[in-house]
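Here's a walk through the pockets, cavities and strands of one protein model. Have the structure open while you read.

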Amino acid sequence: MDYSAKLDAAIDRLHDEGRYRTFIDIERKNGQFPHAVWTRPDGSSQDITVWCGNDYLGMGQNPVVLQAMHEAIDATGAGSGGTRNISGTTVYHKRLEAELADLHGKEAALLFTSAYIANDATLSTLPKLFPGLIIYSDALNHASMIEGVRRNGGAKRVFRHNDVAHLRELLAADDPKAPKLIAFESVCSMDGDFGPIEEICDLADEFGALTYIDEVHAVGLYGPRGGGVTERDNLAHRIDIINGTLAKAYGVMGGYIAASDKMCDAIRSYAPGFIFTTSLSPAVAAGAAASVAYLKEAPELREKHQELAKALKLRLKGLGLPIIDHGSHIVPVIVGDPVHTQKLSDMLLSEFGLYVQPINYPTVPRGTERLRFTPSPVHGPAEINHLVNAMDSLWSHCALNRAELAG
């Protein structure tokens, strides 16, 4: 076996399809988000504005968060020193879990190193706790949810995205005595549409199913205290397990589930992804706890975030660009071809100092390749004007004209 040739062939396929992903070497400027410095391949540098970051509210530079992290480093050092079971549980981890449980109105919360691991570990562990469990998974669920469902060895059913009627058909076709769980998202990260939470909860009640919701793109951003769409719609009490992240609106790192005390205790005790992973550093946990607490009392940041997202969508629609708008903060511009998407991204960066990463298959279906903009309260009118003018120039007048980009 020529292993090197196999690796070459695998990488070449991505290049041929226009799907090869490149890292952009940037250094964000504390106190100046969303501005950063891009180090070009030749070693030179350029000032840029980041338009694809997930630090939705700029909390990664919030003084309250930074102070909490500095204090934790000074008090405890860098790492946690072990897994949660072996010396890696500190007062900072317990404080953060208490903040998260309170945020969602649950008895408990359980921390993971990322929301990906939280989804994967939890969904792959549930069949151990409920033998014969059938998981009903939305077709557009995040890769972490799909992986967790795939690895659990139990039965699974995939229902069409947000299609409650199809979900009902699948539930009705299975043994009424079998344990069931419905897994879905509150905000779809790529299209920005909302899940039919209340209708799914009604079906769960009717068919005796548990509910599992991914609120990764909603926590911190929706609801009076940032508890997500389930809090906004007063439905959190009807969800059995809520998954969230600390790496997006909260601006730090990590993921979690919030649920009953018994559920968290069982996952803690049985999930290898929790048991055998070194815990978050105390500084990260401290910063995340400070961020969660801060955003519980900062609805004005959420309001400004929504206002800017609406403004950007309105401006881009005014140019005639193919925007998907479901009323959330996600701003996707559909290009429809991976090569054109990459070229547009490259030109925005090199010619205008605007960084937005292409989104290609398998993250989105083929033919729906896009640029996904993430406006935040730290993107001001000047930044929005610059972006809109750049998109107008490239889309309308460059070699990448509208017909080519849409094609």
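Which elements each supply at least two residues of the lining of the second largest pocket? They are α3 (91-104), β4 and α9 (261-270).

Before going further, some ground rules. This is a predicted model, where local features need pLDDT of at least 70 and side-chain atom pairs count only at pLDDT 80 or more, while totals for chains, interfaces and linings use all residues. Residues are numbered from 1 along each chain as its sequence is written, and side-chain values use heavy atoms, with hydrogens and water left out. Helices (H or I, at least four residues) and strands (E, at least two) are DSSP runs, numbered from the N terminus.

**Pockets and cavities**

Rolling a probe the size of a water molecule over the atoms shows where empty space is left. Here the search ran on a 1 Å grid over the protein atoms alone: a cavity is a set of points where a 1.4 Å probe fits but cannot get out, and a pocket is an open set with protein on both sides within 12 Å along at least five of seven lines. Lining residues have an atom within 4 Å of a point. Grid points are joined across faces, edges and corners, and a volume is the space filled by probe spheres set on the points. For the classes, Ala, Val, Leu, Ile, Met, Phe, Trp, Tyr, Cys and Pro count as nonpolar, Asp, Glu, Lys and Arg as charged, and the others, Gly among them, as polar.

| Space | Volume | Lining by class |
|---|---|---|
| Largest pocket | about 1,300 Å³ | 23 nonpolar, 15 polar, 9 charged residues |
| Second largest pocket | about 240 Å³ | 7 nonpolar, 2 polar, 7 charged residues |
| Largest cavity | about 110 Å³ | 5 nonpolar, 5 polar, 2 charged residues |
| Second largest cavity | about 80 Å³ | 4 nonpolar, 6 polar, 1 charged residues |

The largest pocket is lined by 47 residues, and H142, S189, M190, I359 and T363 lie nearest its centre. At least two lining residues come from each of β1, α4, α5, β13 and β14. The second largest pocket has 16 lining residues, with K94, E97, A109, L110 and R268 nearest its centre.

Residues lining the largest cavity include R28, F33, Y56 and H379. Around the second largest cavity you'll find R84, H93, F112 and F274, among others. The elements giving two or more residues to the lining of this second largest cavity are β4 (108-112) and α10 (272-275).

**The sheet with β14**

Two strands pair if DSSP finds at least two bridges between them. An open sheet of 3 strands runs in the order β11-β14-β13, with antiparallel pairing. Its edge strands are β11 and β13, each pairing on one side only. Strand β11 (residues 331-334) meets β14 over 4 bridges, and V333 stands opposite L371 in β14. Strand β13 (residues 358-359) joins β14 over 2 bridges, with L371 as the bridge partner of P358.

Which way do the side chains of β14 (residues 370-373) point? R370 and R372 go one way, L371 and F373 the other, and all are buried (under 20% relative accessible area, with exposed over 50% and partly exposed in between, using a 1.4 Å probe and protein chains only).

**The four-stranded sheet**

Another open sheet has 4 strands in the order β1-β2-β3-β12, with mixed pairing. β1 (26-28) and β12 (354-355) stand at the edges with a single partner strand each, so one side of each is left without a neighbour in the sheet. Inside that order, strand β2 (residues 35-39) and strand β3 (residues 45-50) run antiparallel, joined by 5 bridges. H35 has T49 in β3 as its bridge partner.

**Helix α5**

In helix α5 (residues 143-151), the buried residues are S144, M145, G148 and V149. Seen down the axis of α5, they fall within an arc of 130°, so they line one face of the helix; the arc is that of the directions from the helix axis to the C-beta atoms. These buried residues pack against α4 (115-129), β5 (134-138), β6 (155-159), β7 (180-185) and β8 (209-214), where contact means heavy atoms within 4.5 Å. After α5 comes G153, whose phi is positive, near 80°.
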